[in-house]
Amino acid sequence: MTIKNNILVIGSGSREHAITWKLLESNQVDKVILVPGNASSSTMERVITVECSKIDAESISNICKEHNVEYVFVGPEVPLVDGIVDGLKRKGISCFGPTKKAAQLEGSKVFCKDFMARNNIPSARYQTFTDYNKAKQYIESLNYKIVLKASGCAAGKGVLIPNNKEEELEGLKRIMVDKEFGSAGDEIVIEEFLDGEECSLMCFSDGYSLVVMPPAQDHKRIFDGDKGANTGGMGAYAPAPFIVDCNNNATTDKSKSKSSFGTIIDRCVETILKPTINGMRKEGKPFVGVLFAGLMVSSSSSTTNDKVINVLEFNCRMGDPETQVVLPLLETDLFEIVLACIEGRLDGLDVKWSNKFAVTVVAASKGYPDSYPKGLKINGLLENKNTNDNIIFQAGTTVNGSNDIVTNGGRVLSCTSVSESLEDAIKNSYKLIETISFEGMQYRKDIGQKALNHLERKKQQQANSKQSVSYSESGVDIERGDAVVDNIGPLAKATTRLGCVSDLGGFGALFDTKAAGFRDPILVSGTDGVGTKLKIAQELGIHDSIGIDLVAMCVNDVVVQGAEPLFFLDYFATGRIHVDVATQVVSGIARGCKESGCALIGGETAEMPGMYKDGEYDLAGFSVGAVERDQMLPSNIQEGNILLGLASSGVHSNGYSLVRYLIETKSGGLTYNSIAPFDSSKTLGQVLLTPTKLYVLSCLAAIKSGGVNGLAHITGGGITENLPRVIPDGLDCEVELGSWEILPIFKYLVELGNMETEELLKTFNSGIGMILIVSPDKVDSITKSLESNNEKVYKIGKIINSKTSKQSKSKVIYK
């Protein structure tokens, strides 16, 4: 004889109605006590609704005693975060849900982000703050889009996605100053915005093992097309085809004891869910219940293995409205799963899922998610008879004095349909919602449309693949390359100058030196890359300034010959073209060209899968300048010439292999996202990605004023090796140490590496990025010219006769 159990479900939404509905299918369940519940008990047998003004262990345990309840299923997060599981266990009542310590995964976004960092779980870069002014200062220093998250529980609404710097600062004020989300905003997470498709992936867990559920996709925005304010969720569907390996529906391998949703979900289990369950247990916070992972799946690739998946958030309970589409697909007894989790034997249970699709559409009150009316009669609800394939789950409902079911919340109903195909499930859920009505009822008309679009694209790709083999099958996408060209065309056009003959897109780039004003020019070329500074840019996702480095490394070499840079070409090579990344990089190149007075007239974007990993890229640049034959530099350098040093902006683009080694192995655990020990307003990454200084316009102006006999661009090899390159044999460079400011970043690197001064001076620019060799009588006028072009000028030394012989190679002598 089967023992019948009463189980108490805490909550009042459609999620709890769905949980109750599924529990009642078990032959081990007699009654479900719904606290505080909604009007769903009036349409279901064996359900008792008990009003309760305060949801805590004492109140719930009293209700359990009154109704002979041994098991409690907690729906919403707040009671879990407040520790209701701990309190009920102390009173001898078994509870399905995580303890207070384990519920920190949702209760504290700071704890969650730090936990993910400790356990190498993929997530966006972030910083946390309790001080408003420091948070404001940090936001002002960023050059990428962010998300603001109140750290505590905020009923699913404590996340803001600003569109610009003004909205970012206003959002910060709303959370930390105006306390829009109460004490949840006492601490804030400032996180990098990730783009792609959101996915909700839930799993049952007993603290040791887990069973993954079909992945679902929620629709958060209030209006069609993902427009309008964020809500608790306006609809969902499962499984999500963009993350499930299937043609048009999820599959279940009936030959195995557990369901299979494909390799992407397997990867999520291995890299996200298992490390989380194992990590929580190892930290003394075993997670029992439902773990919800909100994922961002990049749309950067059409192949399974190239999907980039990051965790946006963890929740410590089932999602709403995800529960309304996942549970209808569950074929195993939910009550048996609950018992297995509570008793620590989940790995011995064979959990099966339907291979159908489920879709739910939420009917919401007029005005939601802001203020809305209550007490409006709902028509058609009692006439609907719920079946396994068509179910109306109630949320914001209650029964009035006339025994009518009326609205009592923002989200009122979830109309769910199950079908063999996603298209039919969508159609049926909309047919279902059209059978009910109440004054001002609103709902989205596009739930699941993104999934249909995905399936149609995949269908078309499969049809095309049967007809012919395309270049894209090798991993090269010409359309993405074309999109980059379209984006950078206006950027390049903005750099046009006299002499430009051709536009982007031709076989070669043309330039007319005569039209540019030259009579008898010598052409000067410079080519360079950015080096391993790219690794930091790629790790941090900061791409809009690295192009300036590329230009600077080339044009600064050209101007050393006294030449005016005329035009520039770039080479961008990557494993996979990400249009936004390539556009950001080239925008930096265009900016560097504009600030150097040269034109971006050509280049090459190469997509080479197999040569580079997805997310990696390399850069090379080529600049051509011109100088009149009788004005070339160096010229007439002699004893007594003065060395004027121009301040650098930072490390520039040399020595980054050593920089990365020092930061990653000698800094005591600091990362590029860590606040710089020597500058609290910036992260280490921001300091190290400060672009190489462009010296072209200031140096050309100085040359034009007369008296500049030579220039030396201080790159790899530092002052020690670069300055002698332009000095004639028989002359040396006497450089006075302490005559210029050594930037804090160099002092920090010296400290980390315990470096000698001599090593610093032959490795980095050490604070001097360009040196001018000038006639003594022109020092004041040239200094004035340079300073008028915003250069910081130091008199750092002079040219002296060699003490060895007139034929000896030039060298630097430090005093």
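These are my notebook entries on what I looked up in this structure, which is a predicted model.

**Entry 1: the whole chain**

I began with the protein chain as a whole, and I noted that it holds 24 helices and 34 strands. Along its principal axes the C-alpha trace spans about 110 × 60 × 50 Å. I then looked up burial, and found that 55% of the 815 residues in the protein chain are buried. For the contacts in the chain with a separation of 6 or more, I wrote down that 75% are made by residues 24 or more positions apart.

**Entry 2: a sheet of six strands**

Next I turned to an open sheet, in which six strands follow the order β30-β32-β27-β33-β31-β34 and the pairing is mixed. From one strand to the next, the twist averages 30°.

I went through some of the pairs in this sheet. Strand β32, residues 768-774, pairs with β30 in the antiparallel sense over five bridges, and here I could pick out H713, whose bridge partner in β32 is M770. I then looked at β27 and β33, which run antiparallel and are joined by five bridges; in this pair L646 stands opposite V793 of β33. Strand β31, residues 731-735, also pairs with β33 in the antiparallel sense, over five bridges, and I noted L731 standing opposite N801 in β33.

Helix α16, residues 546-559, lies across β30 and β32 and runs at about 155° to β30. Helix α24, residues 779-788, packs on the sheet and touches β27 (642-647), β30, β32 and β33 (793-801), while its direction makes about 10° with that of β27.

**Entry 3: a sheet of five strands**

I looked up another open sheet, with five strands in the order β12-β15-β18-β22-β19 and antiparallel pairing. Its edges are taken by β12 (217-218) and β19 (390-394), and each of these has a single partner strand, so one side of each lacks a neighbour in the sheet. Within this sheet I followed strand β18 (residues 357-364) and strand β22 (residues 411-419), which pair in the antiparallel sense over eight bridges. The bridge partner of A358 in β22 is V418. I also found helix α1, residues 14-23, packed on the sheet and touching β19 and β22, with its direction at about 130° to that of β19.

**Entry 4: two helices side by side**

How do α7 and α8 pack, and at what angle? Helix α7 (residues 132-141) and helix α8 (residues 165-176) pack at an angle of about 165°, and their axes are 10 Å apart. Since angles over 145 degrees count as roughly antiparallel, I could therefore describe α7 and α8 as roughly antiparallel to each other. The crossing in which α7 passes α8 is right-handed. On the α7 side I listed Y132, A135, K136, I139 and E140, which meet K165, E168, L169, L172, K173 and M176 in α8.

**Entry 5: the annotated binding site**

I then checked the record, where the UniProt annotation "binding site" covers E313 and N315. E313 is found in strand β17, residues 309-315, and N315 has its place in strand β17 as well.

Is E313 buried or partly exposed? With 26% relative accessibility, E313 counts as partly exposed, whereas N315 is buried, at a relative accessible area of 5%. Leaving out residues up to four places away in sequence, I found that E313 touches K149, F292, A293 and G294. With such residues again left out, N315 touches E106, F287, V290, L291 and F292.

**Entry 6: M280**

My last entry is on M280, which is found in helix α9, residues 263-282. M280 is buried, and its relative accessible area is 0%. Not counting residues up to four places away in sequence, M280 touches K101, A102, L105, F111, F115, K285 and P286. I also compared M280 with Y208: in sequence they are 72 residues apart, and in space they are 9.7 Å apart, C-alpha to C-alpha.

How values were computed:
Residues are numbered from 1 along each chain as its sequence is written. This is a predicted model: local features need pLDDT of at least 70, side-chain atom pairs count only at pLDDT 80 or more; totals for chains, interfaces and linings use all residues. Side-chain values use heavy atoms; hydrogens and water are left out. Two strands pair if DSSP finds at least two bridges between them. Helices (H or I, at least four residues) and strands (E, at least two) are DSSP runs, numbered from the N terminus. Axes are lines fitted to C-alpha atoms, for helices over the stretch in contact, and angles run from 0 to 180 degrees between N-to-C directions. Contact means heavy atoms within 4.5 Å. UniProt positions are given in the numbering used here, feature names are shortened, and annotations may be inferred rather than shown by experiment. Buried means under 20% relative accessible area, exposed over 50%, partly exposed in between (1.4 Å probe, protein chains only). Angles under 35 degrees count as roughly parallel, over 145 as roughly antiparallel, 65 to 115 as roughly perpendicular and the rest as oblique. A crossing is left-handed if the near helix is turned anticlockwise from the far one by less than a right angle, and right-handed if clockwise.
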